[in-house]
Amino acid sequence: MAKAKITFEDINQTVNVPAGTRIIEISEKIGAGVIYGCREGDCGTCMMEVTEGWNNLTEPSVLEEKVLRENMAGRHYRLACQAQILGDCKVKPA
Amino acid sequence: MADTLNVSTWKEAVEFAPGVHWIGALDPTLRTFDIILRTANGTTYNSYLVRGSEGVAIIDTVKEGFEDEFFHRLESVARYDEIKVIVLNHLEPDHSGALPELMRRAPQARLYISTRATTMLKALLRPNREEPFEYTTVTTNDRVSLGDRHLRFLHTPFLHWPDTQCTYLEEQQVLFSGDVFGCHYCDSRLFNDRVGDFRFSFDYYYAHIMRPFKQWVMEALALIEPLKMKIVAPTHGPILRERPRRYVAHYRELSTSSLSRELGDTDKSLIIFYMSSYGNTARMAEAIYSGADTVDGVRVSLYDLEGGEVAPFVDLIEDADALLFGSPTINGDAVKPVWDLLSSLAVVNLKGKIGAAFGSYGWSGEAVRMVEDRMRGLKMRVPREGIRVKLIPTQEELDECTGFGREIANILVGKEVQRGVIEFSDLT
């Protein structure tokens, strides 16, 4: 199975994960600072900044883009409960 | 009229600035609001009407069931075809209850809501409604003209709904503040210089409604404080026309952390709460305390939950940076005093605080994981798996607790020990 490395910059911790893993599945277990509300892409609580490897995540859906817009997300922000890892990337809480 | 005003018998609009009217409703028998708030003498649903040379604006409506009183007052000063603007400062049902009927009676009116309110509007409308309302979303410094009067919007999110905004009537210097500066206090004399002593209600309302959003209060105050303000007109409780700035200043005071005034900007606060039946979890707590206490820049506190009340502990938690909960496992669960405290934290903001759990157990030891899950649910960060000890901790296990306390304290001051690259499959 393809693997990828994700680094949570706020705790400077890297995890080697199977490609396709959602970030929520990792960040909670590792104790990173991304926090969660609805866990289904609606509330925007888990907004995070992708500092490297923006193109190594699955594309945001139309709904995710709407939530990001409504929450005045910055450039390269994603929802951790939605984004799946395809290749190496670095993230930190928004 | 002002001296003898009694809106429980006076059923018409009340003008309190030229062309600015209160058209709200009284709910004196309400005793519980939204499950969480006690309302010892009820509440009011304040709605306002502003008349300009080119039309009328309605700012907020009333709760469903109070429409008759609202429409009666509205009709006493305006015709529906004069209404050009409807503003909802937030969409909570106690202020949007009369919106569908108002839009039906004034179909030409334009609805103005904050940018964050759109999805809520759809969810709040009755499902069988055939046509959705048209609306305009607004944010800070957007303006709407009523001819010789202008409404300006201030984006003040999360006070206490995500979509909250305030609306400022420029010419009269009236701030329609929504739930901000409001309180559940029902007095038919309406104005802060006429009603009874509502200080308790004002502070109680803040403590339950605004307190979890202190950071957002501070951001809103940055927009509100520079305004020239003759009157603050909230959606609940007295209209603040006598020295309204006192209430704005009081909000700033209430929103400033008491502990930061005590500790300054340097030290972090780490608090350990525990319950213990045979002293085992207590011994773990003391060992964790001794470890955390070795870290510079961390002020450590240790509390036995058996010796305190929930409310002051909640105050402590609000100002703390890291929280450790120790609970034995009894019948497969954490003990009730721990849950009592962990279920009383909705009034404070816990986002991003560091959490950890520990506890002694007899045979299954579920409590620690359950408390960790609860802390994550409360949007805390749980950086390390908690420590569980079977019955009486050995010296080795107590040493492990000491190390655990030191590690959590180090994480708190940004000295996290690096663990190298972790395999996902190794995470539990």
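In this predicted model, strand β2 of chain A and strand β22 of chain B, residues 422–423, run parallel to each other and are paired over 2 bridges. One of the residues involved is A:Asn16, whose bridge partner in β22(B) is B:Glu423.

This pairing leads on to the contact between the chains. Chain A contributes 18 residues to the contact, and chain B contributes 18 residues. On the side of chain A that touches chain B, at least two residues each come from β2 (13–18) and α1 (23–30). The largest share of that side is supplied by β2(A), with 6 residues. By residue class, the side of chain A that touches chain B consists of 7 nonpolar, 7 polar and 4 charged residues.

The largest nonpolar core contains 73 residues, and the ones with the most contacts inside it are B:Leu49, B:Val50, B:Ala57 and B:Val85. Helix α5 of chain B, residues 199–210, gives this core its largest share, 5 residues.

Leaving aside residues up to four places away in sequence, B:Val50 touches B:Gly19, B:Val20, B:Val56, B:Ala57, B:Ile59, B:Leu146, B:Arg149 and B:Leu169. One of these neighbours, B:Ala57, is itself among the residues with the most contacts inside the largest core.

Note on methods:
Residues are numbered from 1 along each chain as its sequence is written. Chains are lettered from A and ligands numbered from 1 in the order in which they are written. This is a predicted model: local features need pLDDT of at least 70, side-chain atom pairs count only at pLDDT 80 or more; totals for chains, interfaces and linings use all residues. Two residues are in contact if their C-beta atoms, placed from the backbone, lie within 7 Å. Helices (H or I, at least four residues) and strands (E, at least two) are DSSP runs, numbered from the N terminus. Ala, Val, Leu, Ile, Met, Phe, Trp, Tyr, Cys and Pro count as nonpolar, Asp, Glu, Lys and Arg as charged, and the others, Gly among them, as polar. Two strands pair if DSSP finds at least two bridges between them. A nonpolar core is a set of buried Ala, Val, Leu, Ile, Met, Phe, Trp, Tyr and Cys residues joined through C-beta atoms within 7 Å. A residue is buried if 20 or more other C-beta atoms lie within 10 Å of its own, exposed if 12 or fewer, and partly exposed in between; C-beta atoms are placed from the backbone.
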